[in-house]
Amino acid sequence: MGRHVHTAGLAVAAADPVRPSRPGWWRQALALTGKDIRAELRTRVAMSAVGVFTFAALMLLAIATEQLRDAQAVRQTVVYGLLDRQSVAVTGADLRPAWDAVGKMGLLWVLLSFAAFSGLSHSFVHEEETGTVTALRLSAPAGAIYAGKLLFNLLLLFAIAAVVTPVYMLITGMPAGTPGVLALLMLGGCGGLAATATIVAALAARAGSGGALYGALGLPLLVVFLLLLLNAASGLYTVDASVVRIIRDVGGLFSYDVLIVAVSALTFQYVWEE
Amino acid sequence: MDTRVELELREVSHRFGLRAVFENVCGTACGAQTLVVAGANGSGKSTLLRIAAGLLAPSSGRALFRWNGQELDAVARREHLGYVAPDLMLYRELSAAENLLFFASLRGISPSREELISMLAEVGLKGRGRDLVGAYSSGMRQRLKYAFALLARPPVLILDEPTANLDDAGVEIVRRIIDDQRVKGGITLIATNEARETAWGDTCIRLGSQ
Amino acid sequence: MMTTTSTPPASSPSGRKTAPIQGAWWKFVLVGALMCYVIYGAFFIAGGAVGFGHSGDPARIVFFHVPVAVLSYVCYAVGAVYGVLFLRRGKPLDDVKSASSLELGFVFCILATITGSIFAGVQWGQYWNWDPRETSIAIMLLLYASYLVLRSALADNVAHRGRLSAVYVLVALVPATFLIWVVPRIPYVQSLHPQNVIANPSNTSPSYKAVLFPSFLAFTMLYVWLLQVRVRFIQLSERRASRRAEQRGQ
C-alpha cells in the first residue's frame with residue numbers, strides 16, 4: 001500500500017530487519033546441538049557419568065574374562081601344537097576357540113549399550129527436570145528438536161566408541177578384520193544405538209521417571225539390533241567374504257537404523273507436544 | 001496498521017483426567033487490547049493461557065489465533081507470540097547473553113552485540129549479560145524471561161503472573177512493556193490474581209465457581 | 001468491562017450408556033464348543049504326526065502351540081494399529097483397545113514360549129535351544145514385557161499414558177517386524193544352534209487338518225472375544241471411577 005506505519009514487529013516479516021523469516025529445521029537442529037555441546041563442555045555431566053561408567057565396566061570386564069583369555073591362549077597353543085605333529089583327530093567342538101572374534105564384538109556392544117543407556121538420557125531428562133522444555137517448544141518445531149538431540153547423542157556415542165574400542169581391542173585382543181568394514185560396522189552400530197537411545201530418552205523423560213524406566217524400555221529394543229550387528233560382524237571376520245554378503249549384512253544394519261530414525265521422527269511430535 | 005492479530009476463545013473447556021478445570025470459556029481480543037484472566041488459585045488461569053499459546057490442546061472448544069486474517073494452528077502461532085510464565089525456565093548453565101543468542105538463533109535472528117546490550121538494558125539487566133542464569137536471583141530471572149519473550153517483537157504477549165518476583169522497578173518495566181504493546185497495536189493476555197494488574201486490562205474473564 | 005464466565009464443577013466425561021457386547025451369548029457358546037472339539041480332537045481325532053519320535057504323540061501340542069504363537073504376533077500388530085489410530089484421532093477407546101490387545105498378546109506369548117519349550121524338551125531332550133523361532137518368541141516376550149512396564153509406570157499419568165504407549169509400540173514395531181521376517185533368515189542366528197529340525201508340519205494328513213484349522217479359528221475367536229470383554233471391563237471401571245469422583249465432588 002505504500003504507507004509506512006511505524007509498528008516494529010507488526011510490519012510484514014520480510015521487511016523487518018529484526019525478524020527475518022524462520023530458519024530451516026536443519027539450522028535449528030544444529031543450533032540446538034551446538035547449545036547442548038556448549039552446555040555439556042561446561043558442566044561435563046553426561047560425559048563424566050558415561051566415562052566413569054565405561055572405564056569401570058572395562059576394568060570389570062578385564063578382570064572377569066582373565067580366565068577366558070588365558071584359556072584361549074592355551075587352547076591356541078594346543079591346537080597349533082597338534083597340527084604341527086599332525087596327530088590325533090580332534091572333534092570340531094574342541095578346535096573351536098574359547099572366545100571367538102564375533103563373541104568379543106558382541107561383548108563390546110553390550111558394553112557400549114550399557115554405556116549409552118547410562119548417559120544418553122541426559123539430553124532429554126535434563127530439559128524436562130530443569131523445566132526448559134517450554135522455552136524450546138516455543139522456539140522451534142518438534143522435528144528440529146528431535147534432529148538436534150539425535151545429533152548430539154550420536155556425537156557423544158561416537159566419542160565414547162572411539163575411545164572405548166581401541167582399549168577394548170587391547171584388553172581382549174579382538175581382531176580388526178577389514179578396517180573399512182569395521183568402520184562401517186561401528187558407524188551403523190552407533191547410529192542404531194543412538195537412535196534407539198534418543199527416542200527412549202524422550203519417552204522416559206516425558207514419563208517423568210528418568211533412569212530405571214529408561215533402561216527397561218531401551219535394552220529390549222536393542223536385542224534384535226544386536227543380532228543384526230553380530231551377523232554383520234561374522235561377515236567382517238570371515239576370510240574372503242564376498243562383497244555382496246558384506247553389503248547385505250552391513251546394509252541390513254543400516255536399514256534398521258534408518259527405520260528407527262524414521263519411526264522416531266514421525267512419532268516424536270506426539271511425545272513432545274501436549 | 002498493516003497487520004491484524006486476533007485471539008478468540010470459543011467455548012474452551014479442559015479437564016485433567018476426571019476433573020474438569022473450566023468449561024465453555026469464551027472471549028476475544030483484537031489489536032491494541034489487553035485481556036485479563038482472573039480467578040482464585042487452581043481455577044485454571046495458567047491452563048487457559050497455555051491453551052491460548054498453543055502449548056496445550058484443550059479437551060474441547062478452540063482457541064483461535066488469526067494473523068493477517070490467516071488462522072494459525074497451535075505450532076505455527078508460536079512464532080508470533082511471546083510467553084512469560086512461572087514454569088518457563090531458561091538454561092541455568094548458560095549466561096543470559098548465551099541464552100538470548102541461542103533462542104534468537106532458533107528464531108532466525110542474529111542480534112548484534114549492541115542489540116543484545118539494549119535488550120538486556122530494556123529489562124533492567126544491563127551489565128549482567130555475562131553472568132550464568134543459575135547465579136541470578138528470581139527477580140532477575142523473571143526480567144530475563146521478558147527479554148526472551150520480546151526477542152522477535154511479537155504481536156501477541158501472553159503473561160502468566162506478570163509481576164511475580166519483581167520489585168517496584170521491575171513492575172514499572174512490565175507496565176511499560178504492556179503499554180508499548182498497546183501502542184504497537186498488539187494483544188496482551190494476562191493471567192493474574194492481583195487487583196493492580198487486573199486494572200491494566202480492557203476486558204476480563206473470571207474463572208472459578210461464583 | 002467485565003466479561004464473566006462461571007464454571008460448574010466436574011461433570012462426568014461420558015454420560016452415555018455402553019451397549020452390551022454384541023452377540024455375547026452365541027460367541028460364548030461357539031468358542032466354548034469349538035475349543036472343546038479342538039481339545040478332544042487333538043488327542044483322539046488327529047493321528048500322530050509322521051516323522052517325529054514317540055510315534056508323533058508329543059507333536060499334538062502343536063495344535064495349541066502354533067495358533068497361540070501366531071496370535072502373539074497378531075496381537076502386537078493389532079495393538080500397533082490401534083496405537084496409530086489413537087495418535088491420529090485421539091479417541092481414548094483406541095488407546096484402551098491397543099493396551100488390551102497387547103496385554104492379551106503378552107499372555108499368548110507366554111503360552112507360546114512355554115508350549116514351545118515343553119515340546120522341544122520332550123521331542124529333542126533340550127528345553128531351550130536358541131534356534132531362530134525360540135529366540136524370536138523370547139524377544140517378543142521381552143518387547144511385550146517392556147510395554148507393560150511403561151504402561152504401569154504411567155498408571156497415574158493418564159494424560160500422557162496413551163500417547164507415550166502408542167509411540168513406544170510403534171518404535172518397538174521395528175524390531176518386532178525384523179523378528180518375524182528377518183531374524184529367522186540371518187545366518188548368524190541359524191548357526192547359533194547346532195542342528196534341530198524346526199517343526200514344520202508339512203505332513204498334513206486329513207485328520208491333522210481337521211483339527212489344526214478349527215484350532216486356529218477357535219483361538220482367534222477366543223482372542224477377539226477376550227479383547228471385547230477386556231475393553232468393556234476397562235470402560236466400566238472407568239465409568240465407576242468417574243461416578244465416584246462426581247459424588248465426592250458434591
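Predicted model: local features only at pLDDT ≥ 70, side-chain atom pairs only at ≥ 80, totals over all residues.
Chain C contains seven helices and one strand. Read from the N terminus, its elements follow the order β-α-α-α-α-α-α-α. Of the 250 residues in chain C, 43% are buried. Contacts in this chain between residues at least 6 apart in sequence were also examined, and 77% of them join residues at least 24 apart.

The largest nonpolar core comprises 202 residues, and A:Met105, B:Phe103 and B:Leu144 have the most contacts inside it. Helix α9 of chain A (residues 179–207) contributes the largest share of this core, 17 residues. Apart from this core lies another, of nine residues, including C:Ala42, C:Tyr208, C:Val211 and C:Leu212. When residues up to four places away in sequence are not counted, B:Phe103 touches A:Ala135, A:Leu136 and A:Ser139 in chain A, together with B:Leu90, B:Tyr91, B:Phe148 and B:Leu151 in chain B.

A:Leu155 is located in helix α8 of chain A, and its relative accessibility of 41% places it in the partly exposed class.

Across all chains, the whole structure holds 30 salt bridges. One of them joins A:Lys149 to A:Glu127, with 2.8 Å between the closest N and O atoms. This pair links distant parts of the chain, since A:Lys149 belongs to helix α8 of chain A and A:Glu127 to helix α6 (residues 122–130) of chain A, 22 residues apart. A:Lys149 counts as buried because its relative accessibility is 0%, and A:Glu127 is likewise buried at 1%.

In chain C, the side chains of C:Asp95 and C:Arg151 meet in a salt bridge with an N to O distance of 3.0 Å. Here too distant parts of the chain are linked: C:Asp95 is in helix α3 (residues 92–124) and C:Arg151 in helix α4 (residues 132–153), 56 residues apart. C:Asp95 is buried at 9% relative accessibility, and C:Arg151 is buried with a relative accessible area of 11%.

In chain B, a salt bridge of 3.7 Å, N to O, connects B:Glu71 and B:Arg66. B:Glu71 is partly exposed, with a relative accessible area of 42%, whereas B:Arg66 is buried at 18%. Both residues belong to a network of salt bridges that also includes B:Arg4, B:Glu6, B:Glu8, B:Arg10 and B:Arg62.

By contrast, B:Glu197 is buried and has no salt bridge; B:Arg196, the nearest side chain of opposite charge, is 4.2 Å away. A salt bridge requires a side-chain nitrogen and a carboxyl oxygen within 4 Å. B:Glu197 lies in helix α6 of chain B (residues 195–198). Beyond its neighbours within four places in sequence, B:Glu197 is in contact with B:Val36, B:Pro162, B:Thr163 and B:Thr192.

B:Ala53, in helix α1 of chain B (residues 45–53), is buried because its relative accessible area is 0%. Setting aside residues up to four places away in sequence, B:Ala53 touches B:Ala74, B:Arg77, B:Arg78, B:Leu81, B:Tyr83 and B:Ile158. The C-alpha atoms of B:Ala53 and B:Leu157 are separated by 9.3 Å, although these residues are 104 residues apart along the chain.

Technical notes. Residues numbered from 1 in each chain as written. Chains lettered and ligands numbered in written order. Heavy atoms only, no water. Helix = DSSP H or I, 4+ residues; strand = E, 2+ residues; numbered from the N terminus. Buried < 20%, exposed > 50% of the residue type's maximum accessible area, 1.4 Å probe, protein only. Lys, Arg positive; Asp, Glu negative; His and termini not counted. Contact = heavy atoms within 4.5 Å. Core = buried A, V, L, I, M, F, W, Y, C linked by side-chain atoms within 4.5 Å.
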